Amino acid sequence: MFEKILIANRGEIALRVARACRELGVRTVAVHSTADRDSAVVRFADESVHIGPPASRSSYLNAAAIIEAARRTGAQAIHPGYGFLSEDADFAEICAENGLAFIGPPAQVMLALGDKAQARAVLGAAGLPLPPGSQEPVTSAAHAAALAAEIGYPVIIKAAAGGGGRGMTVVADERTLAQAYHRTRQTARAVFGDDRVYLERYLTQARHVEVQVLCDGHGNGIHLGTRDCSVQRRHQKLIEEGPAPTLPAAMLDEMAEVALRGALAVGYVGVGTFEFLVDEHDQFHFIEINCRIQVEHPVTEMITGVDLVQEQIHIACGTPLRLRQPDIRPRGVAIECRVNAEDPRRGFAPTPGRLDRFVPPGGPFTRVDTHGYPGYVVGPHYDSLLAKVVVWAPERELALNRMERALSEFHVDGPGMCTTIPFLRRVLDDAAFRKGRLSTTLVDRLLDQPVPK
C-alpha cells in the first residue's frame with residue numbers, strides 16, 4: 001500500500017478520496033488554488049500545498065505544479081478524482097516519468113479510449129452495440145450532411161475529446177446542420193483544445209443507463225451492476241439510481257456482461273463506467289466510456305457495499321482484484337440527487353456566493369458527500385456541485401420517500417444563493433418518474449410546465 005497520496009482535485013471528491021485514504025492508513029496531501037485555501041479537504045488532509053491562482057489552467061490543470069507538490073511532499077501516488085486531469089493520458093505519462101503512480105487506467109488505455117470517436121471504433125470492434133453514426137471524425141459540414149441523410153434525423157454532433165456533458169449539439173433537420181456543425185467545433189476547440197467531432201443518430205425518449213466495472217492489472221475484472229442516469233439538464237446528470245428501474249433484468253444482465261467483456265478486451269485497469277442509451281424497444285447502444293471514478297459512484301457503493309475508491313487505490317498498488325463476480329450481490333435501491341448552487345428558473349445558471357446557513361440532512365440510510373459548511377464561499381471559478389445526497393432502501397418506493405424526506409431537511413441559505421433542491425423535489429413528485437418511466441427528456445418536460453405553487 002502507498003504511504004502517501006496526493007489528491008489532485010478539489011470539492012467533494014477530494015474530501016471523499018481523503019477519507020478513503022484515512023481509512024486505509026494512507027497519509028494525504030491536498031493541493032489547492034488560492035480560492036480554495038479554506039476548503040474542507042485542506043483542513044482534513046495531513047498536508048496541503050498551494051498550487052496557483054483560482055483559474056483551473058493555472059492550478060488544478062497545472063501538471064507541473066502538481067508534480068512538484070508530489071515530489072516536494074514525498075507522495076508516491078496521485079489520485080486525480082474526476083474532471084480536471086483525471087482522463088489526461090499525458091498527465092498519467094508525466095506521473096510515470098516522475099516515479100509516481102497515477103490512480104487510474106494506464107496512459108495507453110486512456111489514449112485508446114479517451115478519444116470518444118476512437119473509443120467508439122475500438123469498442124465497436126470488441127462487440128459492443130453502437131448507435132448508427134460515423135466511424136471516424138467528421139471532416140466537413142457536407143460530410144456531416146451526407147452521414148445524417150444516411151442514418152436519419154435527429155442526429156447529435158459530439159466533440160471527440162468531450163466530456164461532462166459539454167460539446168454536444170442535437171440537430172433536428174438538415175436546415176440547421178451546417179451551423180450546428182461549425183458551432184460544435186468551435187466549442188470543442190475552446191473547451192477541449194481539439195475541434196474534432198463525430199456524429200450519431202440521436203435517440204429520442206431514450207434512457208441513459210451505465211455499467212460500473214472494476215478491473216486489475218492482471219487480467220481480472222468484474223461489473224457492479226447498473227445505474228440509471230436519465231434525469232439530466234444540458235446532458236449533465238441531476239439524479240442517478242441503481243439498479244436501473246423497470247427495465248428487463250435479462251437485458252440489464254446482458255448490458256453488464258457486454259461492458260465487462262469490452263473492458264477486458266481493451267485491457268482496462270481501474271474503475272470505469274460504460275455508458276449506454278436504451279431505446280423504446282429496450283435495445284441498448286454503447287455511447288462512451290469514462291476512465292475515472294464517477295460523480296455517482298456512491299449509488300453503486302450503497303447497493304453493493306464495495307468502497308470503489310479504496311478498490312481503485314488497491315488496484316493502482318498492483319494488488320490483484322480482491323473481489324470476484326459472485327461476491328457482488330446488489331441489494332435494494334439507492335438514489336443520488338446532486339445539489340448544485342444553480343437557479344433552475346434561469347436555465348440552471350450558477351449562483352456563487354457565501355453559505356450563511358448550510359444544514360445537510362441526516363437520518364437512516366442517508367449519505368451526504370459535500371465540501372460545504374456554514375461560511376463557505378461558493379466561488380465562480382469551478383463546477384457548481386455543492387453536495388450529493390444518497391439514500392438506500394430495500395425497495396424503490398421507500399427510497400423515493402426517503403430522498404424526499406432528506407431533501408426537505410436540507411437547508412442552504414446565503415445572499416443570492418439558489419440550489420437545485422426545489423427542482424429535484426419536483427422530479428421526485430412527478431408521476432412518470434415515480435413509476436420509473438424515465439427518459440432524457442424528463443427535465444425539459446418539467447421545465448415547460450408551470451412551477452407548482
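Q: What is a cavity, and how many of 30 Å³ or more does the structure hold?
A: On a 1 Å grid over the protein atoms alone, a cavity is a set of points where a 1.4 Å probe fits but cannot get out. Its volume is the space filled by probe spheres set on the points, which are joined across faces, edges and corners. This structure holds one cavity of 30 Å³ or more. The model is predicted: local features need pLDDT of at least 70, side-chain atom pairs count only at pLDDT 80 or more, and totals for chains, interfaces and linings use all residues. Residues are numbered from 1 along each chain as its sequence is written, and side-chain values use heavy atoms, with hydrogens and water left out.

Q: Which residues line the largest cavity?
A: Lining residues have an atom within 4 Å of a point. Here they are Arg10, His371, Tyr376, Val378, Gly379, Tyr382, Asp383, Leu385 and Leu386. The volume of the largest cavity is about 50 Å³.

Q: Is threonine 226 buried or exposed?
A: Buried means under 20% relative accessible area, exposed over 50%, and partly exposed in between (1.4 Å probe, protein chains only). Threonine 226 has 5% relative accessibility, so this residue counts as buried.

Q: What is in contact with threonine 226?
A: Contact means heavy atoms within 4.5 Å. Leaving aside neighbours within four places in sequence, threonine 226 is in contact with residues including Val209, Ala244 and Leu252. A polar atom of the threonine 226 side chain lies 3.2 Å from the backbone nitrogen of alanine 244.

Conventions: Polar contact = N/O pair within 3.5 Å; in protein donor to acceptor, adjacent residues only side chain to side chain. 1 Å grid on protein atoms, 1.4 Å probe; cavity = no way out; pocket = protein on both sides within 12 Å on 5 of 7 lines; lining within 4 Å.
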